[in-house]
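Please keep the sequence and the structure in view while reading.

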Amino acid sequence: MESTTSTLAAESPRHPAALPDTGPAHATADGIACTFTAVTPKTVHQARRAVTAHCRADLPAADHETEAASDLALIADELMANVQRHAPGPAVLVVTSEPGCWAVLVFDTSRQEPVPDTAEPGKKECGLGLHLVSRLSESWGSFPTASGKAVWARCPKPAPATAPQHLEQP
C-alpha cells in the first residue's frame, strides 16, 4: 500500500490539543480509548489485544480473521513499542471506526517527531517500525499536542464478505 506522511493536524483522524483523559480503558461512540500510565512490553501486548478485539467487534462474524484487522493491530503494536522506547510518561491509544477505514492514534509526551530509520531493511534488527507502519497503512502521520505529540495511521476496512450464490436446480 502506498503511504503518505503528514505532520498536519488537519489531516489527522483526531487532533485534540493534549492527551485525552480517558481513564484506564473505555469504549467511545466510534471506537476505543486506553490510557497507560507507563508503557511496558505487557501494555504493548494489551494495546494490541484491545485493537484486535475492537476490529473483530466492528466486523461481521465471517470477517473476524481479516488481514486488515491484523495489520491495524500490528501498527498499534509498533506505535506503542515506539512509545516504550522513546517517550517518557503516559500514553493514550485511541482506535476509531470511520466510514471505510479504521484509525489508530497513539498520544505520548515526547515532542520528538517520528522519523523512519533510513537504514536499508534487513540491515538492522530494530528501528524499522515506522517503515512497517508505512507499508501496512494507507496513510500515517503525526501532529504536536500541548503535552507532546500524537502519531496516527489509517487502514481500510475490508469489504464485507459476500455469501456464495447458490444456483437453484430446475
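Which residue's side chain meets that of Asp58 in a salt bridge? The partner is Lys157, with N and O 2.9 Å apart. The model discussed here is a predicted one.

**Overall organisation**

- The chain is built from three helices and seven strands.
- Read from the N terminus, these elements follow the order β-β-β-α-α-β-β-α-β-β.
- The chain has 170 residues, of which 41% count as buried.
- Among contacts with a separation of 6 or more, 68% are between residues 24 or more positions apart.

**Salt bridges**

- The structure contains four salt bridges, and three of them are described here, starting with the pair named above.
- Glu98 counts as buried at 14% relative accessibility, and Arg154 counts as buried at 18%.
- Arg48 and Asp77 form another salt bridge, in which the closest N and O atoms are 3.8 Å apart.
- Because Arg48 lies in helix α1 (residues 41-57) and Asp77 in helix α2, this pair ties together parts that are 29 residues apart in sequence.
- Arg48 is partly exposed, with a relative accessible area of 29%, whereas Asp77 is buried, with a relative accessible area of 16%.

**The contact of α1 with α2**

- The axes of α1 and α2 come within 9 Å of each other and cross at roughly 155°.
- Angles over 145 degrees count as roughly antiparallel, and α1 and α2 are therefore roughly antiparallel to each other.
- The crossing of α1 past α2 is right-handed.
- On the α1 side, the contact is made by Pro41, Val44, Ala47, Arg48, Val51, Thr52 and Cys55.
- On the α2 side, the residues involved include Ala69, Leu72, Ala73, Asp77, Met80 and Gln84.
- Sorted by class, the residues in this contact of α1 with α2 are twelve nonpolar, two polar and two charged.
- Arg48 and Asp77, the salt-bridge partners described above, both take part in this contact.

**The contact of α2 with α3**

- Helix α2 (residues 67-86) and helix α3 (residues 129-136) have axes that come within 9 Å and cross at roughly 155°.
- These two helices are therefore roughly antiparallel to each other.
- The handedness of the crossing of α2 and α3 is left-handed.
- From α2, Asp71, Leu74, Ile75, Glu78, Leu79 and Asn82 meet Gly129, Leu130, Leu132, Val133 and Leu136 of α3.
- By class, seven nonpolar, two polar and two charged residues make up this contact of α2 with α3.

**Ala73 in helix α2**

- Ala73 is placed in helix α2 and counts as buried, at 1% relative accessibility.
- Apart from neighbours within four places in sequence, Ala73 is in contact with Arg48, Val51 and Thr52.
- Ala73 and Ala50 are separated by 23 residues in sequence, and their C-alpha atoms are 8.4 Å apart in space.

**Ala91 in strand β4**

- Ala91 lies in strand β4 and is buried, with a relative accessible area of 0%.
- Leaving out residues up to four places away in sequence, Ala91 touches Cys34, Thr35, Phe36, Val39, Val83 and Phe107.
- One of these residues, Thr35, is 56 residues from Ala91 in sequence and 6.0 Å from Ala91 in space, C-alpha to C-alpha.

Conventions: Residues are numbered from 1 along each chain as its sequence is written. This is a predicted model: local features need pLDDT of at least 70, side-chain atom pairs count only at pLDDT 80 or more; totals for chains, interfaces and linings use all residues. Side-chain values use heavy atoms; hydrogens and water are left out. Axes are lines fitted to C-alpha atoms, for helices over the stretch in contact, and angles run from 0 to 180 degrees between N-to-C directions. Helices (H or I, at least four residues) and strands (E, at least two) are DSSP runs, numbered from the N terminus. Angles under 35 degrees count as roughly parallel, over 145 as roughly antiparallel, 65 to 115 as roughly perpendicular and the rest as oblique. A crossing is left-handed if the near helix is turned anticlockwise from the far one by less than a right angle, and right-handed if clockwise. Contact means heavy atoms within 4.5 Å. Ala, Val, Leu, Ile, Met, Phe, Trp, Tyr, Cys and Pro count as nonpolar, Asp, Glu, Lys and Arg as charged, and the others, Gly among them, as polar. Buried means under 20% relative accessible area, exposed over 50%, partly exposed in between (1.4 Å probe, protein chains only).
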